[in-house]
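Open the model in your viewer and keep the sequence panel beside it. The tour below goes from one selection to the next and says what is there.

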Amino acid sequence: MEMETGQDLMMLIGAYYIPKHNPSKPLGDDAYFFSHEAQVMGVADGVGGWARKGIDAGKYSRLLMRNAEDSVEDCRPHDVDPMRLLVESFMNTTEVEGSSTACIVSLAGDLLRAANLGDSGFMVIRGGKTFYKTEAQQHSFNYPYQIGWRHSTNIGSPEEAEDIVLGVEVGDVIVLGTDGLFDNVFEEDIEKIVGLCLEKNDPPEIMARKLAGTAVKNSLEDKTTPFEVAAYDAGVGHFGGKYDDVTVLVACVCDSIFGI
Ligand SMILES: [Mn+2]
């Protein structure tokens, strides 16, 4: 799908991943990729419940993201359709079993496009405030929409992903993450951290590292978190954070004249 776009903007992207401490599974369940050249980035969170069946869902999420990255080569740079990328990578991910949430975000001109399935997601911060935030898709509390492969059969469908298009501006900051971030850091705190980083001129990777670090810290402390609030709303007793793999990508939207 060709899109009519305005001003030519670009995302300056940085990433940081803190896997859950587990010596037998050092890579965790999250995976991500990004391409400055193509102006696209994505995260995936393998569903941990598969461990009970002896399946490492991290292998699924990593292959899903690698296949997405490979499919980027077939797209025109600065014109990547995230939904198409998600469908293609899903169809190509049949070598390992498991399932995963996924969120892929691209920039074409001044249009941000995204495909979001499950409870990973992103927010756009403009002028210090949240301008846009994805809604988590869940069947029930802590049971997100997902895509996967098991016994040579598809699980879920990438077409269930929310297809998002929105205009962005120079100075916008996009925070893309797995639920490990959004379950443990309130929106207002993400805004604050991003604001402080901008004051210091931190590059996106440092911003991502600070956000991920805060998520892990919050998850280990006895304090109220978004996960606790969501659990309460669902009638489930859970206090504090949710210790999880945490992946954060930060993209600063700038004029492409300064970039590639
Ligand atoms: Mn997670």
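Begin by selecting aspartate 183. Leaving aside neighbours within four places in sequence, aspartate 183 is in contact with Thr225, Pro226, Phe227 and Lys242. Keep in mind that this is a predicted model. Aspartate 183 belongs to the loop between α3 (179–182) and α4 (187–199). Is aspartate 183 buried or exposed? Aspartate 183 is buried, and its relative accessible area is 15%.

**Lysine 242 and its partner**

Stay with one of the contacts of aspartate 183, Lys242. With which residue does lysine 242 form a salt bridge? The partner is aspartate 244, and the closest N and O atoms are 3.8 Å apart. Lysine 242 is buried, with a relative accessible area of 15%. Aspartate 244 is also buried, and the value there is 10%.

**The manganese ion**

Which residues supply the protein donors of the manganese ion? They are Asp45 (OD), Asp179 (OD) and Asp244 (OD), at 2.1 to 2.2 Å from the ion. Along the sequence, the spacing of these donor residues is D-x133-D-x64-D. Aspartate 45 is in strand β3 (residues 40–46), while aspartate 244 is in the loop between α6 and β14 (246–255), so this pair ties together parts that are 199 residues apart in sequence. Aspartate 45 is buried, with 8% relative accessible area.

**Aromatic pairs**

Now colour the aromatic side chains. A pair of aromatic rings is described by how far apart the centres are and by the angle of the planes. How many aromatic pairs are there? The count comes to two.

For one of them, select phenylalanine 122 and tyrosine 132. The ring centres of phenylalanine 122 and tyrosine 132 are 5.6 Å apart and the planes are at 35°, so the pair is tilted. The pair links distant parts of the chain: phenylalanine 122 lies in strand β6 (residues 121–126) and tyrosine 132 in strand β7 (residues 129–133), ten residues apart. Phenylalanine 122 is buried, with a relative accessible area of 0%.

For the other, go back to phenylalanine 227, which is one of the contacts of aspartate 183. Phenylalanine 227 forms a tilted aromatic pair with phenylalanine 141, at 5.3 Å centre to centre and 35° between the planes. Where do these two residues lie? Phenylalanine 141 is in the loop between β8 (138–140) and β9 (143–144), and phenylalanine 227 is in helix α6 (residues 226–233), 86 residues apart. Phenylalanine 141 is partly exposed at 24% relative accessible area, whereas phenylalanine 227 is buried at 5%.

**A charge over a ring**

Next, select arginine 126 and phenylalanine 131. The charged end of arginine 126 sits over the ring of phenylalanine 131, at 3.8 Å from the ring centre.

**Salt bridges across the structure**

Show the charged side chains. Side chains of opposite charge can pair when their charged atoms come close. How many salt bridges does a search of the whole structure find? The search finds 17.

Select Lys25, Asp29, Asp56 and Arg62 together: these residues are linked in a network of salt bridges. Within this group, the side chains of arginine 62 and aspartate 56 meet in a salt bridge, with 4.0 Å from N to O. Arginine 62 counts as partly exposed, at 25% relative accessibility.

Then move to aspartate 202 and lysine 210. Their closest N and O atoms are 2.7 Å apart, in a salt bridge. Aspartate 202 is buried, with a relative accessible area of 15%, while lysine 210 counts as partly exposed at 28%.

**Cysteines**

Finish with the cysteines. A disulfide is a covalent bond that joins the sulfur atoms of two cysteines. How many disulfides are there? The count comes to zero.

Cysteine 103 is buried, with a relative accessible area of 0%. Cysteine 252 is in no disulfide, and the nearest cysteine sulfur, in cysteine 254, is 7.3 Å away. Cysteine 252 is buried, with a relative accessible area of 15%.

Definitions and conventions. Residues numbered from 1 in each chain as written. Predicted model: local features only at pLDDT ≥ 70, side-chain atom pairs only at ≥ 80, totals over all residues. Heavy atoms only, no water. Buried < 20%, exposed > 50% of the residue type's maximum accessible area, 1.4 Å probe, protein only. Phe/Tyr/Trp six-rings, centres within 6.5 Å; stacked < 30°, edge-to-face > 60°. Helix = DSSP H or I, 4+ residues; strand = E, 2+ residues; numbered from the N terminus. Lys NZ or Arg CZ within 6 Å of the ring centre and 35° of its normal. Disulfide = S-S within 2.5 Å. Donors = N, O, S within 2.8 Å, 3.2 Å for Na, K, Ca; no water. Contact = heavy atoms within 4.5 Å.
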